Amino acid sequence: MHQEIYTKVVVIGSGPAGYSAAFRCSDLGLDTILIERYNKLGGVCLNVGCIPSKALLHIAKVIKESKELHTTGVSFNPPLINIEKIRSWKETIVSKLTTGLSNMQKKRKIQVVQGSAIFNTDKSLVVINKEKKITIFFEHAIIATGSHPIKISSIPNDDVRIWNSTDALMLKNIPNRFLIIGAGIVGLEMATIYSALGSKVDVIDRFKHFLPSVDKDVSDLYIKSINNRFNLILNTHVEKIKSINNKLMVKIIENDINKRYVSYDAILVAIGRTPNIHEIGLDKIGIKINNFGFIETNQQLQTNISHIYAIGDVTGPPMLAHKGIHEGHIAAEVISGKNHYFEPKVIPLVSYTEPEIACVGLNEKEAKKNNIDYEVSIFPWNASGRAVACNATVGMTKLIFNKNNNEIIGGSIIGTNAGELIGEVSLAIEMGCNVEDIALTIHAHPTLSESIGLSAEIFQGTITDLLNVKSKK
């Protein structure tokens, strides 16, 4: 069966970038079709990424905090882990959100076409599913096909014990010994989850430096905070994997010299993601790909074919849902005739580990590279009344100011709920705030958020909660 459809806008992919673009197009009065190859909206983020991982990280955090409460005189029995019930609870959360998306799509009267899309011309594409073949003619197209995990060619792909992030979030089982290859955000979050659920976890990474995009004092504090929950081994890689006696025997090489074999029950490969752009016919219509393998766009998210747009992971790093959502809004608004541009000053990055790590703007290495005369201001959480009261003293709030004009140019927060706190720093940088704007803003006490104001006071030389090294004697 063959069908033909005509529309103003077609959006390929229903992840955060895609559904945001489609919904915004509809709200702007544009006839819109949304194509999704799976039977649920939401893409990787909602179904097998951001949302389920945060649900499981919440469990991990509660387990950790319940163990730590014994010092206060409150003790609990060791947790009983019912993996089937946890899995069901996680799936209920995902289902609730995907149902909400579906309801919004229907109320906006957006037609969803299920299947895999391939460009036929720069004005048409073909969608193929089990039932029929559909040709969609469009005036504008938005590519939002997302990304998938990178595989390691030397590691077998047909062994069910070798997982990617999707497999890990399915909670197939809780391995006794679990190896995670890759100490990026995904690897660290999975280590947080599985170590809390009872796995003995090793995380290895090829890099000599841990979290190279984060300042060393922040990453050092995180390493200290791991507190034997799992092992982090840097400058290390896997050379070979063999299956012996129902175990995965892994040959690990440390520092390019030390070789050893370690037995594991499961392995997670979490070395990054690559864009889904090779099966949608981009070469057929001549869409330009940059040297890094991503679709090239301008600040209005247009490709070299001006009526075809690209948003989200396919446009390159940072490969973050919140970046894709904002790009989706801009693409829709440009199509509707608005003269809008995607030009954020900063995009925050959060690792939802325990403690969380959140960064925005320039770090010290970048400030030095840009020849900025800067000053760092750090408020340690062991001096925060709220952090002390909540047993959350492993943390700090670090702000970076341009000394020439006292403007804030960057910030890093490590500690409980750092991802929630970083929003104020992001807004301050976007608004071009100087130190007085932050320091003279009255923050509620006692809160973790007041650490931002107190860090600004340290730079300003008005701090009273700590010894004021800038006070005039």
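Reply: Happy to! The lining of the second largest pocket is made up of 14 nonpolar, ten polar and nine charged residues (nonpolar: Ala, Val, Leu, Ile, Met, Phe, Trp, Tyr, Cys and Pro; charged: Asp, Glu, Lys and Arg; polar: the others, Gly among them). This is a predicted model, where local features need pLDDT of at least 70 and side-chain atom pairs pLDDT 80 or more, while totals for linings use all residues. Residues are numbered from 1 along each chain, and side-chain values use heavy atoms, without hydrogens or water.

A pocket here is an open set of points on a 1 Å grid where a 1.4 Å probe fits, with protein on both sides within 12 Å along at least five of seven lines; lining residues have an atom within 4 Å of a point. Of the 33 lining residues, Lys64, Glu68, Glu354, Asn391 and Val394 lie nearest the centre. Helices H3 (50–68), H6 (185–197) and H7 (216–226) each supply at least two (DSSP runs of H or I, at least four residues; strands are E, at least two). H3 gives the most, with seven.

Now the record: UniProt's unreviewed entry places a "binding site" at Gly182, Ala183, Gly184, Ile185, Val186, Gly187, Leu188, Glu189 and Gly272, though such annotations may be inferred rather than shown by experiment. These positions span 91 residues of sequence, yet they cluster in space, with a largest C-alpha distance of 13.4 Å.

Gly182 sits in the loop between strand E9 (177–181) and H6, and is buried at 7% relative accessible area. Ile185 lies in H6 itself and is partly exposed, at 27% (buried is under 20%, exposed over 50%, partly exposed in between, with a 1.4 Å probe and protein chains only).
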